[in-house]
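Open the model in your viewer and keep the selection panel at hand. The stops follow below.

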Amino acid sequence: MGIAASLLLIAAGAILRWAVTTNTSGIDLHVVGIILLIIGIIGLVLALFAWFGWWEWRPWMRSRTVYRDQGPTYDERGRRIS
């Protein structure tokens, strides 16, 4: 589920929860609205984690470049120069 689908579920759930005033028999539209809101919020949180994990945008965990030297150099006889 992407960000757009999550926002759509949140909007539909909010409409069913707070804007619909019709009473139906057999199904409670307010409960359906709450369920859609919860599913949409969970989907949005998971989509945001996936999005930021994909791009590795974590300013608090920036990877630092570690430069290592080539190691000691040796001459033609195998003696260490440096």
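Start with alanine 11. It has 38% relative accessibility, so it counts as partly exposed (buried is under 20% relative accessible area, exposed over 50%, partly exposed in between; 1.4 Å probe, protein chains only). This is a predicted model, where local features need pLDDT of at least 70, side-chain atom pairs count only at pLDDT 80 or more, and totals for chains, interfaces and linings use all residues. Residues are numbered from 1 along each chain as its sequence is written, and side-chain values use heavy atoms, with hydrogens and water left out.

Alanine 11 sits in helix 1, residues 3–19 (helices are DSSP runs of H or I, at least four residues; strands are runs of E, at least two; both are numbered from the N terminus).

Next, select valine 45. Helix 2, residues 29–55, contains valine 45. Valine 45 is partly exposed, because its relative accessibility is 40%.

Extend to Ile34, Ile38, Ile41, Ile42, Leu46 and Phe49. With Val45 they make a nonpolar surface patch of about 670 Å².

Finally, select the whole protein chain. How many helices and strands does the protein chain have? There are 2 helices and 0 strands. Of its 82 residues, 12% count as buried. Its accessible surface is about 7300 Å², and carbon and sulfur atoms account for 64% of that (Shrake-Rupley method, 1.4 Å probe; for residues, only the protein chains shown count as cover).

How values were computed: Patch = residues over 30% accessible without salt bridge, like charges linked within 9 Å, V, L, I, M, F, W, Y side chains within 5 Å. Salt bridge = Lys/Arg side-chain N within 4 Å of Asp/Glu carboxyl O.
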